[in-house]
Structure formats: C-alpha cells, structure tokens
Amino acid sequence: MDTPLSTIAVVGLGTMGTGIAEVLARAGREVIGIDISEAAATRAITALESATARSVARERITEEERRDILARFRAFSDLQAAADADLVIEVVPESYEAKQQVFRALDSIVRPDAIIATGTNALSVTRLAADSAHPERVLGLHFFNPAPAMKLVEVVSSVLTAPQAVAAVTELAQQLGKEPVSVGDRPGFVADGLLFGYLNQAAAMYEAKYASREDIDAAMKLGCGLPMGPLALLDLIGIDTARTVLDAMYAESHDRLHAPAPILKQLSEAGLTGRKSGRGFYTYEAPGSGAVVRDALTPLETATTGAAREVRSVGVAGSGTMASGIAEVFAKAGYDVVLAARSAEKAETAKARIAKSLARSVEKGRMTAEAREETLARVTPAGSLDAFAEVDLAVEAVAEDLEIKQQLFATLDKVCKPGAVLATTTSSLPVVACARATSRPQDVIGMHFFNPAPAMKLVEVVRTVLTADDVHATVREVTARIRKHPVDCGDRAGFIVNALLFPYLNNAIKMVEQHYASLDDIDAAMKLGGGYPMGPFELLDVVGLDVSLAIEQVLHREFRDPGLAPAPLLEHLVAAGCLGRKTGRGFREYARR
C-alpha cells in the first residue's frame, strides 16, 4: 500500500465510471477501463474524446495534452486487465451480488498490496470488505455526479480498513483536485445520508398531493438557493437508485423519514426511473435527455382559481426587518403602501430602514436616485392600524406568536373595509387560526415571504379550507406583479420549504451528536456534494437556533413523527443561550460586532 497509485483500474463504465476515468486520465494517471459490455467501453472512449475536444475548443488544454490524456486511457472487457493496477475502483450497479462477484474475482487477479475501492453510496463497505480475501485493503471511494465537475469525494473506511489505504486514497483525491472527507461506514455516508431523507420527504409531499411537482421544485430552488428541485434531482439520480439507497438507510436507522415513499416503488417498478428512461416525476424529450416536455400534469400558465380583486394600495403591519422589506417590495412595484407600527416613531424607523436599503440600490446602480425618491414617497408611516381603513390588501408581518397575530387580525377585521384581502406572513403557525379571529375567514390567506424580502424571489401562497377562490387569485396576481414567484400550498406546518428544510438540518445535528462526522466535514459535504449555498451548520447559525428549534417543535407536534423530534443538542444549545450569529455563538463562535 506504500506504492504510488499511478495505475488505476475503473470497473464499470457507466456515467459515473466514465467520469471517474476522465478525472484520473486528466490528472496523469494510467487508467484501465473495464466493462463486460464492449458498447459501454466504446461509449466511454467516445465520451472522453468529446470532453477533451471541448476542453481544447475552450483553450483549457492543448491538442498535445488531449492526445496524452486519450493515450492514458485504455478500455477492456476482461477483469484480468486490472492485474497490474495499484488501485481498483469498482462502479458497478448498486447490488451486493454484483459487487461481491467483482470483489471475489479481483482477489485472485490484483496484487496483494493493491487497494480495492467501492464506489457505492448505499451499500455496506464493511460487508463487502468482510467477503474479500484482504479486507484491510477495501474501502469506499464515493465520487459525486458529474465526477469531473464535483469537488467532493467521501473516503469511507470500515473497522477492517488499514489506515495506510485510507491515507493513500485521501492523498490521491487531493492530487486529483478534489476535497476528500473521511467518514465511517453507514448507508448514505454524509452527503447522501442527509440528501436522500430530504428527497424522500419531497416525494411523499408530492404523493400526498400537497403541492405540485413544479411548486415543490421551485420552492426549494428559490427558497433555499439549491441548484435543482428535489423531484428533478430524483429524476437525475434515478428513482430506482434513490429507492435502493433509502432501503439501505431505513434498514439501519428504522427512521420513518428514510422509509421509501410508496411512489418511488411504483415508478421504479413501472420502469419510470427518471431521465435515463425518459420519464419519472417529469417527462423528458428522450431517454437520457434533460429537456422536460409538457405532459398531462403540466399546469396551464393561464390556470386561475377565480377573478382577482383589484389591489391599488397595501398595508403592511410591523416594524421589523421583514415588515420593512415587504413594504419596500410593494412600493418598488408601484403600490401605495401604509406601513403601520405600534407607534409613529417605530413606523418612521422602519421607513428609514427602507430609505437605507434603497440608497444601497442606488449606490450599486440597481436603481436611479429619482426612482428611489418615487419609491420612498409611496410609503406612508403610521402609528396605528386605523390607517388601514382604505387598503385593498393588508399584510401582517409581526412577531411569530399566535396570540399576537390573532389580536392583530381581530383589529384588522374591524378596521379594514369589506372586500380587503388579509394576509399573514407566518412561516409556521396555522393560517386558519388567524382567519378564525375575524368575521371574514374567507378573506384571509398566507403570504410567506423569505428573508431578505427584497432579494428572495419566493412567496408561499397558503390557502386555508375557508379561503375564497378570488382571494387566492388576487394574491397570486399581486405576487407576480411584485416580481416574486408564487407557489401554492395548503395550511399545514412548515408549508413546503420549512417542512423539507428543517428535518434535513435536524438530521445533520444528529450526525454530530453521534460523532459520525464533524461540523466542517458535514458543511463541506453538502456544499461540495449537494450544491448547497451554505452547509447545514452555517445555515442554522444564520437562521438562529431558537427559531430553528421552534420550527422543529411545530413540525414534530403536527406530524407526530419520532424522526422529527428536535435533536437534543439543538435544545441544549438554545437552553444555554447559544443561538447562532446573533449571540456570537451557536454551533460555531463568531466575533462580536
């Protein structure tokens, strides 16, 4: 195992195996590609030729460098070709039988000091190692798709793996320009262990007809900054693959959040496995294509739930960051806005915050000084809700406390004119409880903006069982006019985004509690392997641990699922006053401002 890993065999030349082979050949390694299918070997060579030709065209490599890369890759259909390899990376289908067959054959082919790595993302590395003649040389080497682009590599050791093997492979990953994360052997490891629970919940949410596939995907992209929505990602990964991973995770955790949603089984057994088959949650132009085409489930762009009410003026109740941000959004879109707080002084302070925000936009060249003055002139501060007497839409953005919100809605009921739409921006409380505080629950709806409101494009439109069709149509139309993206969801805890986001954050905390991986490794894994803009612990500290705990508690109370119970470590940190960036300490420590 002290031999430099200069000759590497890749067994299985599907998409992942071909990508790994490309990474190795570009890094100067001699690569032996092996696949029982000669067609797969031919496709791998063609793919490498195409990828390197694109690199030459983009002037990233020279033609001579391209010829060298291609010369370093040789393809075979017989495992005997791996005899001289220093490292063998197995990337055959996710099946113990298939992988064990390869491992047993390799035992009698490769040198005793060669390392054998499995590319599994779901199966037990320990079980594969135990069946090998030399378990100390077996480990996991989990690349992410597409391998040439994705930086993360999870190096997975079992209790049987020799430290020298881990060190050698970790050094190789670094030399390939990757960022290796060392983890123990459990289904899903770090990145997929967190990712697939989230994907499974999204599939269950869609199966329950809580929201459309388009709205679920748009909500997570726009609300969390993710590169893909969960259902589109399941189609990319392969629904059958996702089901295999989740089955393995559930077998170990017995956590209902990992029990594959029935729709994954139905689609898999019907052969609707995602992009590779041309149809999964979405329908694609052709098998292997990423181009989505219209099908029977595609919503009509003109679909509406009724004639919208006219909205010319808007009232925003509250004086915090969210209230001033929402008022700014409406004023920029040309609406006259009444910004009401508990006192005239607080309302003026909130308007001053808007003025500062608009000034920054002028400095950055996003708007003119004239537009700034016109926008600011549309905002009228008020020290009482009585100023809402003539508004067409009243938006509540006060503290996340049900009693406070109900009192405010009772006041709006008395103050606002008949026909005015009353909206709450709650992120976790029941909208219908606010509606029932009024004599006109049909006029009440949820408009969940995301922070910071001027920048974030998403608005979750939450209708209750009592909300009138024209109220729903009005809010969707207004949301489009203020250049936000509306997604429809029902009145249940977490709506779309928080119901999918916070269980994922909670599971990350559980990983740390179980000493499976460090904060830094988990954050790195999700940013590099999942394309998340922030790691879970970075995000928790930004959101606030107290806010996160409150949302977890609401989700646990509503769905009664033991897997949603807040992680004890989160409760302990909140009890200790470690609430994140706002207190200078959460999961990490921050410099005091």
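1. Start with helix α8, residues 213–224: its 12 residues reach 16 Å from first C-alpha to last, close to the 16 Å expected at 1.5 Å a residue. Bear in mind throughout that this is a predicted model.

2. α8 is mostly covered, with nine of its 12 residues buried. Going along the helix, the buried ones are Arg213, Asp215, Ile216, Asp217, Ala218, Ala219, Met220, Gly223 and Cys224.

3. What do the buried residues of α8 pack against? Among the helices, the partners are α7 (191–207), α9 (230–237) and α18 (497–513). Strands β17 (458–463) and β18 (485–490) take part as well.

4. Just after the helix comes Gly225, which has a positive phi of about 70 degrees.

5. Now to α7, which came up above as one of the partners of the buried α8 residues. α7 also packs with helix α19 (residues 519–530), at an angle of about 60 degrees and with the axes 9 Å apart. That angle makes α7 oblique to α19, and the crossing is right-handed.

6. Which residues make the contact of α7 with α19? From α7 there are Ala191, Leu194 and Leu195, and from α19 there are Ile522, Ala525 and Met526. By class, the residues of this contact come out as six nonpolar, with no polar and no charged ones. As for the spacing, an α-helix has 3.6 residues a turn, so residues three or four places apart point the same way.

Terms used
Residues are numbered from 1 along each chain as its sequence is written. This is a predicted model: local features need pLDDT of at least 70, side-chain atom pairs count only at pLDDT 80 or more; totals for chains, interfaces and linings use all residues. Side-chain values use heavy atoms; hydrogens and water are left out. Helices (H or I, at least four residues) and strands (E, at least two) are DSSP runs, numbered from the N terminus. The expected span of a helix is 1.5 Å times one less than its number of residues. Buried means under 20% relative accessible area, exposed over 50%, partly exposed in between (1.4 Å probe, protein chains only). Contact means heavy atoms within 4.5 Å. Axes are lines fitted to C-alpha atoms, for helices over the stretch in contact, and angles run from 0 to 180 degrees between N-to-C directions. Angles under 35 degrees count as roughly parallel, over 145 as roughly antiparallel, 65 to 115 as roughly perpendicular and the rest as oblique. A crossing is left-handed if the near helix is turned anticlockwise from the far one by less than a right angle, and right-handed if clockwise. Ala, Val, Leu, Ile, Met, Phe, Trp, Tyr, Cys and Pro count as nonpolar, Asp, Glu, Lys and Arg as charged, and the others, Gly among them, as polar.
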